[in-house]
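Please view the sequence and the model first.

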Amino acid sequence: MRWIFYTSGTTDERRRARQPPDRRARVGAIGYAQKTHVVEDDIALVAFPFTHVGGIIIGVYTPLLTGSAAVLMGRRWTPQDRPS
């Protein structure tokens, strides 16, 4: 295991969660990039935390493999955040 994270504990005690090895995340990123046609000048908004497999695939591995960029969403979005 390469990745060990902790759950948020919102519904119970915090727990350790193991994520798949790098190979699985890398294969997931390759599939994601191919299916969504990610290219070098793409910029992805990443709403997943890195502790979620989506955060690792979309926010870390896909940009590393394709040369694209990722912008991490820093906090929870609410409708009040919408520009006028």
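## Core and helix α2

In this predicted model, the largest nonpolar core has 7 residues: A25, A29, V46, I56, I57, I58 and Y61. Two helices, α1 (22-36) and α2 (53-66), each supply at least two residues of this core. The largest share comes from α2, with 4 residues.

**Helix α2: span and bend**

- The 14 residues of α2 should span 20 Å at 1.5 Å a residue. The end C-alpha atoms of α2 are 18 Å apart, which agrees with that expectation.
- At V60, α2 bends by about 25 degrees. A proline, P63, follows within four residues of that bend.
- After α2 comes G67. The phi of G67 is positive, near 80 degrees.

**Helix α2: burial**

- The buried residues of α2 include three isoleucines, I56, I57 and I58.
- Glycines G54, G55 and G59 are also among the buried residues of α2.
- Y61, T62 and P63 complete the buried set in α2.

**Proline P63**

- P63 sits in helix α2.
- Is P63 buried or exposed? P63 counts as buried because its relative accessibility is 14%, under the 20% cut-off.
- Neighbours within four places in sequence aside, P63 is in contact with I57, I58, S68, A69 and A70. Of these contacts, I57 and I58 also belong to the largest nonpolar core.
- P63 and I43 lie 20 residues apart in sequence. Their C-alpha atoms are 8.7 Å apart in space.

Methods
Residues are numbered from 1 along each chain as its sequence is written. This is a predicted model: local features need pLDDT of at least 70, side-chain atom pairs count only at pLDDT 80 or more; totals for chains, interfaces and linings use all residues. Side-chain values use heavy atoms; hydrogens and water are left out. A nonpolar core is a set of buried Ala, Val, Leu, Ile, Met, Phe, Trp, Tyr and Cys residues joined through side-chain atoms within 4.5 Å. Buried means under 20% relative accessible area, exposed over 50%, partly exposed in between (1.4 Å probe, protein chains only). Contact means heavy atoms within 4.5 Å. The expected span of a helix is 1.5 Å times one less than its number of residues. The bend at a residue is the angle between axes fitted to the seven residues ending there and the seven starting there.
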